[in-house]
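Welcome! Have a look at the structure below, then work through the exercises with their solutions.

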Amino acid sequence: MTDRIPAQIIDTVDPSQPIRLTPAQSGGPIHTRSFSGRFRNLRLLGGALLMLLYFGTVWLNWNDRQAVLWDLDRQQFHIFGATFWPQDFILLSAILIIAAFGLFFITVLAGRIWCGYACPQSTWTWMFMWVEKITEGDRLQRIKLDAAPWSPAKLLRRAAKHTLWLAISLATALAFVGYFTPVRELVADLARFDLGATTGFWLLFFTAATYINAGWLREQVCLHMCPYSRFQSVMFDADTLLVSYDTARGENRGARRKGSDPRAQGLGDCVDCTLCVQVCPTGIDIRDGLQLDCISCGACIDVCDSVMDRMGYARGLLRYTSERALKGGTTRLLRPRLIGYAVAMTAMIAAFIWALDARPQLQLDVTRDRTLYRENMQGQIENMYRLKLINKTQQPRRYALALEDGPFALQGPREIALAPGEIADLPVSVTLLDNARDFSRELRFEVSDIAEPSSRVSTPSTFVAPIAALRQ
């Protein structure tokens, strides 16, 4: 039993080819190359719309107040003409569920296209990379600057870059905090250096988070911190559109003269220029196949198409395509999983719109007093209650208070005026008019809008009276 198990060494790489590490494999900073193309233009358009939505909405006014404001002090969430309360948070849950199903749908259809075109992390990272380009130059200039010793010129360029990064980060933090506290007051307080401790903390926190995530961590957030990158691959199928390299057309790779016949040289269409690697924001080589790091941004497609144009080859060596299409089949856009997500998402959107429309604009809560009952001077039994009324509209309203049919009389105010968003806490008493001495019975409080009688709510409660035998 001293014989060893026979082993054979298998080469995992071609020894005749030099080992070339991608930026992601080398572990150093990723310096992307500038490029242009249709997918870049599409991403710039999407990013511009997102920036306009994020930075612009916070400055809009609606009926003499900020249009979108989460007023934590008053526990109100204003979205243009609608006001939401903590009791309406079930609608927020519905929005999150709809967004999740929308993400599932787009993932099954086109992979991580959300990451490449609309994710805030990617959008801010592209913006920070643009700042790098205008302050430190294009890819080769930045690489040389990294390797160069410190000098006044290098210090000036680095200072300009980080100053702009911090300015963008501060603007991002101001906009975010401005959705929770009036932004105009926030900017005025910042200009006077008169921020409260809590507001100052959150401004500093979100400024630092933006600066670190978009300036330093970048692709590491997508790879190690984002949970979506971990489970998105299990949602792919053979018809999911992914950024893919056409191996059958591209191999063998190699340089050649323009106008020469690559087939006569035993080459495919890939000229092995590595530009697809140089423009990748996560520093991978898409020619190695589908990888967790790929965010489907299409940058490699744009630059590869430009190379194909210069060489006189057909575009599409790198393209959005499916595994089925790469094997010679036809991509099926309509398939059960995709249709299922679409139907579920449509149904949830319809239910959300219905719930939003049916949401009551008046809320009534009833609380009984701790004293079970009392007897008034006429010998009648009374119970005490506290009514909490909330005017959820954005207009002043007058409401009428009443009891539904029953042997009861309401003692207290019969009408009340509430300002927009006002909460009223009213103590009232209810008198039992008949001679019945049931231990308890149900009654219902009703509040209606005087201007719109159809707008009304009713809330049940319990009236407690002594048992007749105990009173004799």
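Let us begin with R142, which is buried, with a relative accessible area of 2% (buried means under 20% relative accessible area, exposed over 50%, partly exposed in between, with a 1.4 Å probe and protein chains only). This is a predicted model, where local features need pLDDT of at least 70, side-chain atom pairs count only at pLDDT 80 or more, and totals for chains, interfaces and linings use all residues. Residues are numbered from 1 along each chain as its sequence is written, and side-chain values use heavy atoms, leaving out hydrogens and water.

**Exercise 1.** Find the salt-bridge partner of R142 and say where both residues sit.

Step 1: recall the term, a side-chain nitrogen of Lys or Arg within 4 Å of a carboxyl oxygen of Asp or Glu.
Step 2: the partner is E132, with the closest N and O atoms 4.0 Å apart.

**Exercise 2.** Which residue in helix 7 pairs with E132?

Step 1: look along helix 7 (residues 152-178), where K161 lies 29 residues from E132.
Step 2: the side chains of E132 and K161 meet in a salt bridge of 3.7 Å, N to O.
Step 3: both E132 and K161 are buried.

**Exercise 3.** Describe the salt bridge of R397 and its surroundings.

Step 1: R397 meets the side chain of D449 at 3.5 Å, N to O.
Step 2: R397 is in strand 11 (residues 397-403) and D449 in strand 15 (residues 440-449), so the pair ties together parts 52 residues apart in sequence.
Step 3: R397 counts as buried at 18% relative accessibility, and D449 is buried with a relative accessible area of 4%.
Step 4: elsewhere, salt bridges with shared partners join E132, E136, R142, D146, R158, K161 and R218 into one network.
Step 5: the structure holds 28 salt bridges.

**Exercise 4.** How far apart do the C-alpha centres of domain 1 and domain 2 lie?

Step 1: locate domain 1 (15-58 + 111-328) and domain 2 (362-464), whose bounds come from an automatic or database domain assignment.
Step 2: their C-alpha centres lie 61 Å apart.

Note on methods. Helix = DSSP H or I, 4+ residues; strand = E, 2+ residues; numbered from the N terminus.
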